[in-house]
Amino acid sequence: MLGVLLLLAAADPLTAPAVGTAATCLIVGRQLEYKVASADVLLVRAGGRWHRSRLPDGCPGLKPNMIILRRDASPRACANDLFEVKDNFTPQVFSLCRFGRFEPLDKASRF
């Protein structure tokens, strides 16, 4: 039973241990995938691996099912780069936030 609880705890993106040093930038392949973990943590998938970005100022409009748009179209996403949080159905921008450093998570992580 304890093993199952530890496995479940490791699957939580907020508490999962990083598997290396945090990167300042990620290379954007074809595209980035985003998942919201909390109002101040965004999961970013790049290069087949999930990374946890702890947003330095939080992001009040960040919640599941919102659209994340990077403001910079460069081939790299970097800490302190700005992104917009938008709704699927309106052009309204709910928040303008910035990425934190990118902590790599275990490749087997499924969020």
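The exercises below work through strands, core and confidence in a predicted model.

Residues are numbered from 1 along each chain as its sequence is written, and side-chain values use heavy atoms, with hydrogens and water left out. Because the model is predicted, local features need pLDDT of at least 70 and side-chain atom pairs count only at pLDDT 80 or more, while totals for chains, interfaces and linings use all residues.

**Exercise 1. Find which parts of the model have the lowest and highest confidence.**

Step 1. pLDDT is the predictor's confidence in each residue, from 0 to 100. The protein averages 84, and 88% of the residues score at least 70.

Step 2. Helices (H or I, at least four residues) and strands (E, at least two) are DSSP runs, numbered from the N terminus.

Step 3. Where pLDDT is low, the predicted coordinates should not be read in detail.

**Exercise 2. Trace the strand partners of E7.**

Step 1. Two strands pair if DSSP finds at least two bridges between them. Strand E5 (residues 67–70) pairs with strand E7 (residues 82–86) in the antiparallel sense over four bridges. Here Arg70 has Phe83 of E7 as its bridge partner.

Step 2. E7 also pairs with strand E8 (residues 93–98), again antiparallel, over five bridges. Leu82 stands opposite Arg98 in E8.

Step 3. E7 and E8 form a hairpin, with six residues between them.

**Exercise 3. Give the strand order of the open sheet and name its edges.**

Step 1. The order of the four strands is E2-E3-E4-E9, with antiparallel pairing.

Step 2. Strand E2 (33–38) and strand E9 (102–104) are the edges, since each pairs on one side only. Neighbouring strands are turned by 30° against each other on average, direction ignored.

Step 3. E9 pairs with strand E4 (residues 49–54) over three bridges; Glu103 in E9 is the bridge partner of Arg52.

**Exercise 4. Describe the largest nonpolar core.**

Step 1. A nonpolar core is a set of buried (under 20% relative accessible area, 1.4 Å probe, protein chains only) Ala, Val, Leu, Ile, Met, Phe, Trp, Tyr and Cys residues joined through side-chain atoms within 4.5 Å.

Step 2. The largest has 17 residues; those with the most contacts inside it are Leu42, Val44, Cys59, Leu62, Phe83 and Val85. Strand E3 (41–46) and E7 each give two or more residues, and E3 gives the most, three.

Step 3. Leaving aside neighbours within four places in sequence, Cys59 touches Ala39, Phe83, Val85, Ser95 and Cys97.

Technical notes
Buried < 20%, exposed > 50% of the residue type's maximum accessible area, 1.4 Å probe, protein only. Contact = heavy atoms within 4.5 Å. Axes fitted to C-alpha atoms, helices over the stretch in contact; angles between N-to-C directions.
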